[in-house]
Amino acid sequence: MTKWRSRETGSRSARAFLGVLLLLSPLHAQSPSSSAPLVPELQRAEANWAHASTALRAAEEEAQKAEEKVERLRALYARGLVARRDVEWAELEAQTARARLAAAQEVERLAREALARVREYAERAAERERQQHRVARALVRVARSYGQGRFTMSDLAALMRAYERRFGLPLPISAFGQTPTHHRLGLDHRGRVDIALHPESEQGRWVIEYLAQRGIPYIAFSDEIPGSSTGAHIHIGLPSLRK
Ligand SMILES: [Zn+2]
């Protein structure tokens, strides 16, 4: 009888365990997209602010020129070269330019504040999304036990017999030892077995209870992530090592 003994211990197996979790996590296939609806809003706010800034610079220039014209005409008037009315006209123009500048400053301030609000909102949405991902990731790690760290062929044979006695169906083994899928994932799955049962189903709970009572190591992957249908299974044996 072949004994499947695991040689890895301590931090090496802990590292491998993390690797398994990350690789088998169905979240891998999901891409963050919930902040996407904010993009047009952000672009609009940025465009508004850019427009307001351009208008403000133009108004500043216009006001500056109007002030310079008043100074110039006042100097000319002092030398008797222009009429008083010309100075008054330039002063009125400068006053109008100052009013337009004040309005442009207000528009720019509002656009800048609106942009800051949209950016803050987008940042908070992104942070919420990151948190949701962390929560979803945590849900994948439903249960694990290193037990006595040993899983043998006779353990498997006994489990298969017990399961069939209990449920009248063969144990649904989805991966027996190394498979092409595990090979692609870069995992050494030799001496490990995957059972296609949801850890929270009646059968799944029974298998976990069976393994726990006998100190057989397992990892129960529960696929609780909305929109994902793969991933739930019970892995029997110590965590797969990265190849
Ligand atoms: Zn497995």
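Colleague: Which residues have the most contacts inside the largest nonpolar core, and how many residues does that core have?

Modeller: This is a predicted model, in which local features need pLDDT of at least 70 and side-chain atom pairs count only at pLDDT 80 or more, while totals for chains, interfaces and linings use all residues. Residues are numbered from 1 along each chain as its sequence is written.

The largest nonpolar core has 18 residues, and those with the most contacts inside it are Ile-195, Val-207, Tyr-218, Ile-234 and Ile-236. A nonpolar core is a set of buried Ala, Val, Leu, Ile, Met, Phe, Trp, Tyr and Cys residues joined through C-beta atoms within 7 Å. A residue counts as buried if 20 or more other C-beta atoms lie within 10 Å of its own, with C-beta atoms placed from the backbone.

Two or more residues each come from helix 4 (153-167), strand 4 (193-195), helix 6 (202-213), strand 5 (218-221) and strand 6 (233-236). Helices (H or I, at least four residues) and strands (E, at least two) are DSSP runs, numbered from the N terminus. Strand 5 gives the most to this core, with four residues.

Val-207 touches Tyr-163, Ile-195, Leu-197 and Ile-234, leaving aside residues up to four places away in sequence; such a contact requires C-beta atoms, placed from the backbone, to lie within 7 Å.

A second, separate core of 14 residues includes Leu-56, Ala-59, Ala-94 and Ala-97. Leu-56 and Ala-59 are among the buried residues of helix 2, which also include Trp-49 and Val-70.

How values were computed
A residue is buried if 20 or more other C-beta atoms lie within 10 Å of its own, exposed if 12 or fewer, and partly exposed in between; C-beta atoms are placed from the backbone. Two residues are in contact if their C-beta atoms, placed from the backbone, lie within 7 Å.
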